[in-house]
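Q: I am new to this structure and would like to learn how to read it. Could we go through it together, one feature at a time?

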Amino acid sequence: MELWYTEKQTENYGITAKIKRSLATEETPYQKLDMLETEEFGNMLTLDGMVMTTERDEFVYHEMVAHVPLFTHPHPKHVLVVGGGDGGVIREVVKHPEVEKVTLVEIDGSVIEHSKKFLPTIASAFDDPKVEVIVGDGFMHIAESREAYDVIMVDSTEPVGPAVKLFEKGFYEGLSRALKEDGLFIAQTDNPWFKADLIRQVYSDVKEIFPITRLYTANVPTYPSGLWTFTMGSKKHDPLEVNEARFHDIETKYYTKALHKAAFVLPKFVEDLTK
Ligand code: SAM
């Protein structure tokens, strides 16, 4: 019998992948966690029926979450990742020699444990000496932080369960307080095909708080519609005006110096969400 996993985005559309077997399933205090072995994408982590990451295409999302802000900020010493319990973003962050410390605040310890066990190539940086792991609520951590970080990356689930608060204007105000005077943040902001209202709202909220607000995209085949957006709020540094000398060689599979700027060139229907 064939087994197929489907993430329903609407009543009429979903993305689907053929499954070899289930590796783990758990009702954590925060969400339903499933680790699945797929035919095409290797092991795949889902939370509450939504794909979080897969071994085959994870590099796109993790590189674009980490390298775009880290090459935009001229001296990113202290970095915070909110969510990100699979470890993919911190793996990319520690590739930057100028980063001295990266703090990861993930609400669900089970995500970290299952990722270490079933996604070892993604969860490979947890033991790096630059990495500090806090199992706790990222919203509370932000509310209690003052001018602490150069760069913050919000690698959260979609706005359901514990992540709802991470898409509210009060959270972006908190990010502004938690960032140093020339700090910047990026947050994953879902897809423009089915979540246009969310992107429009986040962009307009961030624009009211940060002098520089930008939207960029990447192609992630296992996320609904394949086209994913990231919103950046910055106090001073503009990702489109990065000094050429800022770019240094780094091992990547998706991110390039040219793509750093190209990712901000938006299709018209996506650009319209920023107006
Ligand atoms: N790349 C994925 C995507 O876009 O679908 C998301 C990655 S997944 C590792 C996101 C993580 O955010 C989950 O492990 C979840 O537990 C965590 N998370 C959700 N709400 C949170 C909160 N309030 N504080 C900290 N982590 C949170």
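Q: Which domains does the shell around the ligand draw on?
A: In this predicted model, the shell around the ligand takes at least three residues from each of domain 1 (3–54) and domain 2 (58–239 + 248–274).

Q: How many residues surround the ligand, and which are the closest?
A: There are 25 residues around the ligand, and the closest are Gly83, Gly85, Ile107, Gly138 and Pro162. Now look for the elements behind them: β5, β6 (78–83), β7 (101–106) and α4 (138–143) are those that give two or more residues to this shell.

Q: What kinds of residues make up the shell around the ligand?
A: Sort them by type, and you find twelve nonpolar, eight polar and five charged residues in the shell around the ligand.

Q: How far apart are the C-alpha centres of domain 1 and domain 2?
A: The C-alpha centres of the two domains are 22 Å apart. In the contact, domain 1 takes part with 22 residues and domain 2 with 22 residues.

Q: Which elements give two or more residues to the side of domain 1 that touches domain 2?
A: Look at the strands β2 (14–27), β3 (32–38), β4 (43–47) and β5 (50–54). Of these, β5 gives the most, with five residues. By type, that side of domain 1 divides into twelve nonpolar, seven polar and three charged residues.

Q: How do strands of a sheet pair?
A: The general idea is that strands in a sheet pair through backbone hydrogen bonds, in a parallel or an antiparallel way. Here, an open sheet of seven strands shows mixed pairing, and its order is β8-β7-β6-β9-β10-β12-β11. At the edges are β8 (131–135) and β11 (212–219), each of which pairs on one side only. From one strand to the next, the twist averages 15 degrees.

Q: In what sense do β9 and β10 pair, parallel or antiparallel?
A: Strand β9 (residues 149–155) and strand β10 (residues 179–188) are parallel, with five bridges between them. To find your place in β10, look for phenylalanine 185, which has isoleucine 152 opposite.

Q: Which strands does helix α5 lie across?
A: Helix α5 (residues 169–178) lies across β9, β10 and β12 (227–234), and runs at about 140 degrees to β10.

Q: Where does UniProt place the feature "domain: PABS"?
A: The UniProt record, an unreviewed entry, puts this feature at residues 2–235. In the model, that span is 26% helix and 37% strand, and its end C-alpha atoms lie 51 Å apart.

How values were computed: Residues numbered from 1 in each chain as written. Predicted model: local features only at pLDDT ≥ 70, side-chain atom pairs only at ≥ 80, totals over all residues. Domains from an automatic or database assignment. Contact = placed C-beta atoms within 7 Å. Helix = DSSP H or I, 4+ residues; strand = E, 2+ residues; numbered from the N terminus. Nonpolar A, V, L, I, M, F, W, Y, C, P; charged D, E, K, R; others polar. UniProt positions renumbered as here; feature names shortened; annotations may be inferred. Near = placed C-beta within 6 Å. Pairing = 2+ DSSP bridges. Axes fitted to C-alpha atoms, helices over the stretch in contact; angles between N-to-C directions.
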